[in-house]
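Dear colleague,

Please find below the sequence and structure that I am handing over to you. My notes on what was found follow directly after.

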Amino acid sequence: MSSKGDDKRTEIPKVLYDRSTDKTYKVMRFFGKGGFAKCYEIVDMARNEVYAGKIVSKKLLMKNNHKEKMAQEITIHRSLNHPNIVKFHGFFEDNYNLYIVLELCKNRSMMELHKRRKSLTQYECRYYIYQIIQSVKYLHENCIIHRDLKLGNIFLNDTLHVKVGDL
């Protein structure tokens, strides 16, 4: 049985504060959960700018080499700049979690598009495949292999442009 202190550590705070940039974010809707992280919509309270917040419990980073993998993901992602890769805006931590601030892709993932639509036109397929190839080409030119490229890690922004994420 867990104590109340343990419950507080697993609970995501309603407001996040990044000391290094003096930014405060309000946690909004929950998007989903991956292997390590939970993803939320977060809003910069001063500027009213909306981002995706990838939140990773530090408890999960204690196992094996997960901390090293997360550090590598941050190092790689922050070095990238391509129109078809989710933009990295920053990261910070508190005693319980690591927070990664990313570009918000309002139209969710290709997986959700597939579930909603069931099929795409040939034109749409060409449009999306071209952008995916451009992002993978850019990664390979920078000696990066994605290793988990799937519909759930290919996102669509508000103008339906592809954004590869979860590096």
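Does Y127 count as buried, partly exposed or exposed? At 29% relative accessibility, Y127 counts as partly exposed; buried means under 20% relative accessible area, exposed over 50%, and partly exposed in between, with a 1.4 Å probe and protein chains only.

Please note that this is a predicted model, in which local features need pLDDT of at least 70 and side-chain atom pairs count only at pLDDT 80 or more, while totals for chains, interfaces and linings use all residues. Residues are numbered from 1 along each chain as its sequence is written, and side-chain values use heavy atoms, with hydrogens and water left out.

Aromatic pairs

The whole structure contains six aromatic pairs. Rings of Phe, Tyr and Trp (its six-membered ring) pair if their centres lie within 6.5 Å; planes under 30 degrees apart count as stacked, over 60 as edge-to-face and the rest as tilted. Y25 and F92 are stacked, because their ring centres are 5.9 Å apart and their planes stand at 10°. Since Y25 belongs to strand 2 (residues 23-33) and F92 to strand 5 (residues 88-93), this pair ties together parts that are 67 residues apart in sequence. Both Y25 and F92 are buried. The pair of Y127 and Y128 is edge-to-face, with centres 5.3 Å apart and planes at 65°. Y128 counts as buried, at 6% relative accessibility. One aromatic cluster is formed by Y25, Y51, F92 and Y99.

Residue R78

R78 is exposed, at 51% relative accessible area. Beyond its neighbours within four places in sequence, R78 contacts F88 and F91 (heavy atoms within 4.5 Å).

Note on methods: Helix = DSSP H or I, 4+ residues; strand = E, 2+ residues; numbered from the N terminus.
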